[in-house]
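These are my notes from going through one model. I wrote down what I looked up, topic by topic.

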Amino acid sequence: MSIEKNGIAISPGFSVGNALLINQAKTVVEKRKIKTSEIVMEVNRFQEAVEESKDEISNMKQNKNNEYKIEHIEILDFNILILEDEILAGEVIDTITKKQINAEWALNKVLTNKSKEFAFVKDLYMQERLADFYYIAERITKNLRGLNKNLFEIKSNTILVAHDLSPIDALKYCRNGNVNGIVTDLGGTTSHTAIIARSLGIPTIMSLLNISTSVEPGQRIYVDGYKGRVKWKVNKSEKDELNTLQSKYTSFQKNLFEFSKLSGETKDKKIISIKANIEISSEVKMAQKYGAEGIGMYRTEFLFTSKEQFPSLDEQYEDYKELFKENLFNEVTIRTLDIGGDKIQDYSHLENNPALGLRGIRYSLVNIDIFKTQLNAIFKVIESEKKKIRILLPMISNIDEIDKSLLVIDEVRKNYSIDSNHLSVGVVIETPSAVLLVEEISKKVNFISVGTNDLIQYTLAADRTNETLENIISPYQPSVVRMLNLISDKVPANTYISICGEMANDINCLPLFIAMGVRELSMNYYSIPRIKSAIHDLSFNDCVETVQHCLNLTTHEEIKNELSQLIRNKMKGYDSMMDYEV
Amino acid sequence: MKKKIRISNRLGLHARASSKLVRLTNNFKSDVSISKGELAINAKSILGILSLAASLGVEIEIETKGDDEEFAMSEVISLFDSKFGEES
């Protein structure tokens, strides 16, 4: 009988590989089977690591430079006692021997069991001592590594199986290209690790509950990153089935890649530029591979929040320069920091409602130095690389903010010699207020980009992270469709309109944008071939007709039906495509 | 030999007291165990003692077994009697 688990599809693709189990308390621990002949060596390795750890702590105690208080000495002594503990060592050695498992994992397992035993102890002081167990485990683990550094080499065709995976570890493991897939117990779509997995194009599934305790090391695992499904222990017939699915997927991919080479052109030759949204600069490679014609939005939040401090001018310069690496793109769009009070380390100004708080351009205009540093880095790249950058200002709700921002941009720009056609400035239209002012806004900037995720949230006054509001937060809501229509009605002729946000990669929403006459769609790179293929099956006239009809409808179900009907009728190979709907 | 006592120090067998006890018991040739109700643990193990979670007023039974069991018992008892130096 095969085993199957379903989680959240994080990064698309289909892959097969051998499980590498890693666990993450504070340090990462891997699980590895050992041969009978290796048991003695493994036990020795453990004992040596324990001795080494004991020596380290004793040295700390004796180091004259450290003026330890008596309490600290007692804690160090307590740690030494744990290291000397016969029960602990005995159980670890027992686990290594009986389960034929590596020392790191055995230690981790014993300590996890111990901590469960202590969980019922109500004494707070005693509870705190639990932390010492982990501290000791980490020290021993570190020393185990030191004794055998080769343990952590990643073999080819590896599927990482983890309880949780930090972004740093994800990068570390996936660097050599041997990781085919990632499956974890925890995590969700917006986690940094998810972002990295997508950027590296590694099929990934998260929120699989207890996958890390269900899978054996080395087990062959099938990862379907489209459906969010993991399978293992498959029998012969299922294996054949999965292999068929895999080859179907491969040919589907091949078809998609054919589409990725196309331009976004409708049947009646209307051209829409299809670009990629990215979250880390190294994603440009995947974006180009999937057929992006540019970067429609580089979100800079990950760059700003992945370290303890905001990046310096030089760090930002190096990062933005990456976008032009290998000359993949001639023009990229950098959205200035769109950060809210909820994302900033300094919690001294906790806001009741960060989505409506000091975020986006509001934050940049208050923290003018941070804004200027980012602009400096952008101009420095334009100057040195002689490439085009579009600056995108987020969360604009009034004209004043645009005027102030443009003044700052002009002021900083004076320090650089930049070709005038190498810089353009645009505004994200994501508040109903900006929609109402879109005519005036469009006259002040070079382009507008409709941020659909936030526009939906602010139009419907419904928090998009609140799962109970799922029915309200729909791109097919009549008010959302009318908002979009209002934008295309109000903007001066020839205004360059781009669409970003989830709506841009929703096939059903395509007719809306084609009818609006948008010039650009910017989306997750992996949606690009699919959207390009859909555009090729649609015509401007069909879309206008359908959208006109939609504007008279009053419920989101009706609108969704209307739009999806058009797609179903017009799109070739719609059914096979839906098998792999992301 | 076995002997029952009641924990008399305020903090019970917390980390510091346990450390002292373990350091003492490891000097003896005899096995030393402590039981609380059904639960019996090796008193030479810090983890064992901590898992006992013996607090003030709890009755425990000490057992020493081996060549120096009498000496071991009297030393252990006097450590408990001294309230692990806590109150001094």
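**Chain B, overall**

I began with chain B and counted three helices and four strands. Helices here are DSSP runs of H or I with at least four residues, strands are runs of E with at least two, and both are numbered from the N terminus. The model is predicted, so local features need pLDDT of at least 70 and side-chain atom pairs count only at pLDDT 80 or more, while totals for chains, interfaces and linings use all residues. Residues are numbered from 1 along each chain as its sequence is written, and chains are lettered from A and ligands numbered from 1 in the order in which they are written.

I then read chain B along its sequence and noted the order β-α-β-β-α-β-α. Chain B has 88 residues, and 38% of them count as buried. A residue is buried if 20 or more other C-beta atoms, placed from the backbone, lie within 10 Å of its own, exposed if 12 or fewer, and partly exposed in between.

I also looked at contacts in chain B between residues at least 6 apart in sequence: 70% of these join residues at least 24 apart. Two residues are in contact if their C-beta atoms, placed from the backbone, lie within 7 Å.

**A helix pair in chain B**

How do α1(B) and α3(B) lie to each other? Helix α1 (residues 15–25) and helix α3 (residues 69–81) of chain B pack at about 165°, with axes 10 Å apart. They are therefore roughly antiparallel. Axes are lines fitted to C-alpha atoms, for helices over the stretch in contact, and angles run from 0 to 180 degrees between N-to-C directions. Under 35 degrees counts as roughly parallel, over 145 as roughly antiparallel, 65 to 115 as roughly perpendicular and the rest as oblique.

I listed the residues of this contact: K20(B), L21(B), L24(B) and T25(B) from α1(B), and E75(B), V76(B) and L79(B) from α3(B). By class they are four nonpolar, one polar and two charged. Ala, Val, Leu, Ile, Met, Phe, Trp, Tyr, Cys and Pro count as nonpolar, Asp, Glu, Lys and Arg as charged, and the others, Gly among them, as polar.

**Helix pairs in chain A**

Next I took α1 (residues 39–62) of chain A, which packs on α3(A) at about 155° with the axes 9 Å apart. This pair is therefore roughly antiparallel. I39(A), E42(A), V43(A), F46(A) and V50(A) of α1(A) meet A89(A), V92(A), I93(A), I96(A) and T97(A) of α3(A). I sorted that contact into eight nonpolar, one polar and one charged.

For α18 (residues 452–459) and α19 (residues 478–490) of chain A, the axes come within 10 Å and cross at roughly 120°. That makes α18(A) oblique to α19(A). Here L455(A), I456(A) and T459(A) of α18(A) meet S479(A), V480(A) and M483(A) of α19(A). This contact has four nonpolar, two polar and no charged residues.

**Where the chains touch**

How many residues does each chain give to the contact? I found 17 from chain A and 15 from chain B. On the chain A side, α2 (70–84), α3 (86–99), α4 (103–118) and α5 (124–147) each supply at least two residues. α2(A) gives the most, with five. The chain A side divides into nine nonpolar, no polar and eight charged residues.
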